[in-house]
Amino acid sequence: MKLVFAGTPEVAVPALDALIASDRHEVAAVVTRPDAPAGRGRRLVASPVAERAEEAGIEVLKPAKPRDEDFLARLREIGPDCCPVVAYGALLPKAALDIPARGWVNLHFSLLPAWRGAAPVQHAVMAGDEITGASTFLIEQGLDSGPVYGTVTEEVRPTDTSGDLLTRLAFAGSGLLVATMDGIEDGSLKAVSQPADGVTLAPKITVEDAEVDWAAPAMRVDRVVRGCTPAPGAWTVFRGERLKIIQAAPVQDRTDLAPGEISAAKNNVYVGSGSHAVELLWVQPQGKKPMRGADWARGVRIAPGERMGRGDVG
């Protein structure tokens with residue numbers, strides 16, 4: 001089939017690579033978000049998908065909005081049979097959805113109908129799911145509600161961050177997307193409607209969502225830290241400033257600390273939660289580089305009984 005691939009971030013690149021490598025399909029063009037400011041200089045930078053497509057000599061379309069008439073006209077000129085999508089980042093209007101004869105097929109990083117929305121992997125980690133995966137489905141006007149072509153499963157490991165899990169799913173999902181294109185092309189694959197039961201939503205995780213609640217059980221604190229890593233980054237308040245928590249681990253045998261209470265030893269720093277303590281392994285103070293939790297604690301000189309959190313700012 002003649003394909004137009006839509007995607008933007010790094011996580012979409014493995015799928016684009018897999019489609020380029022396929023000998024059954026032609027990636028005629030790529031649709032991606034416009035160049036965005038990045039870095040300290042805030043200079044405009046092309047998306048990872050745009051950079052990869054340009055390396056491969058593939059036409060790149062960067063509409064400000066996918067309803068722009070110039071973009072729609074060019075898409076009609078290309079005449080794709082199907083448009084595979086991975087994390088494009090913009091809603092597709094009906095005028096665009098109607099152009100390819102075989103529709104737009106999205107690779108979504110959950111086992112639909114679970115975790116429909118922008119942040120399925122983060123929500124899976126934060127909810128404590130033991131199994132997740134990826135699904136390919138035909139895009140409709142609803143939110144990730146279209147019929148499903150195929151799935152692949154992936155174990156959520158006890159120490160996975162959302163970044164770790166998403167990286168594995170990006171590669172596993174790339175194979176699923178190519179297999180889906182093959183099955184659509186030869187007619188061996190039919191999309192099946194999603195069940196009405198089991199729908200959960202995965203809206204974007206905000207900075208506010210990433211604040212650690214020390215009154216919650218240690219297991220919940222751990223899931224929030226892992227689910228919000230690398231973005232938007234879990235955080236707490238210490239002495240009136242934000243402290244980013246990069247890596248933490250529940251400590252089963254410490255139950256002597258009140259929620260938010262800090263205990264610092266030579267090589268370890270612990271914070272109390274609603275159950276047992278949590279060890280801070282890596283943190284990042286405001287305006288500084290990441291550092292080991294014990295090194296941070298030595299530098300700030302924790303006072304006896306000092307606490308973390310908004311209600312106990314020292």
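Guide: A term to begin with: a salt bridge here is a side-chain nitrogen of Lys or Arg within 4 Å of a carboxyl oxygen of Asp or Glu. Please also keep in mind that this is a predicted model.

Visitor: Okay, how many salt bridges does that rule give?
Guide: Counted by that rule, the model has 17 salt bridges.

Visitor: Which residue does D186 pair with?
Guide: The side chain of D186 meets that of R24 in a salt bridge, with a distance of 3.4 Å from N to O. This pair links distant parts of the chain, 162 residues apart, since D186 belongs to helix α6 while R24 sits in the loop between α1 (13-21) and β2 (26-31).

Visitor: And what's the span of α6 from first C-alpha to last?
Guide: Helix α6 covers residues 162-186, which is 25 residues, and reaches 35 Å between its first and last C-alpha, close to the 36 Å expected at 1.5 Å a residue. The residue that follows α6 is G187, and its phi is positive, near 80°.

Visitor: Which non-glycine has a positive phi?
Guide: R42 is one that does, with a phi of about 55° although it is not a glycine, and its place is the loop between β3 (36-38) and β4 (43-45). As background, most residues other than glycine have a negative phi, and most peptide bonds are trans.

Visitor: Switching to packing: at what angle do α5 and α7 pack?
Guide: Helix α5 (residues 120-127) and helix α7 (residues 218-227) pack at about 160°, and their axes are 8 Å apart. Because angles over 145 degrees count as roughly antiparallel, that makes α5 roughly antiparallel to α7.

Visitor: Left-handed or right-handed crossing?
Guide: The crossing in which α5 passes α7 is right-handed.

Visitor: Last one, which residues form a nonpolar patch on the surface?
Guide: L143, V199 and L201 form such a patch, and together they have about 270 Å² of accessible area. Of these residues, L143 is placed in the loop between β8 (131-138) and β9 (148-155).

Notes: Residues are numbered from 1 along each chain as its sequence is written. This is a predicted model: local features need pLDDT of at least 70, side-chain atom pairs count only at pLDDT 80 or more; totals for chains, interfaces and linings use all residues. Side-chain values use heavy atoms; hydrogens and water are left out. Patches are made of residues with over 30% relative accessible area and no salt bridge: like charges are joined within 9 Å, nonpolar side chains (Val, Leu, Ile, Met, Phe, Trp, Tyr) within 5 Å. Accessible areas come from the Shrake-Rupley method with a 1.4 Å probe; for residues, only the protein chains shown count as cover. Helices (H or I, at least four residues) and strands (E, at least two) are DSSP runs, numbered from the N terminus. The expected span of a helix is 1.5 Å times one less than its number of residues. Axes are lines fitted to C-alpha atoms, for helices over the stretch in contact, and angles run from 0 to 180 degrees between N-to-C directions. Angles under 35 degrees count as roughly parallel, over 145 as roughly antiparallel, 65 to 115 as roughly perpendicular and the rest as oblique. A crossing is left-handed if the near helix is turned anticlockwise from the far one by less than a right angle, and right-handed if clockwise.
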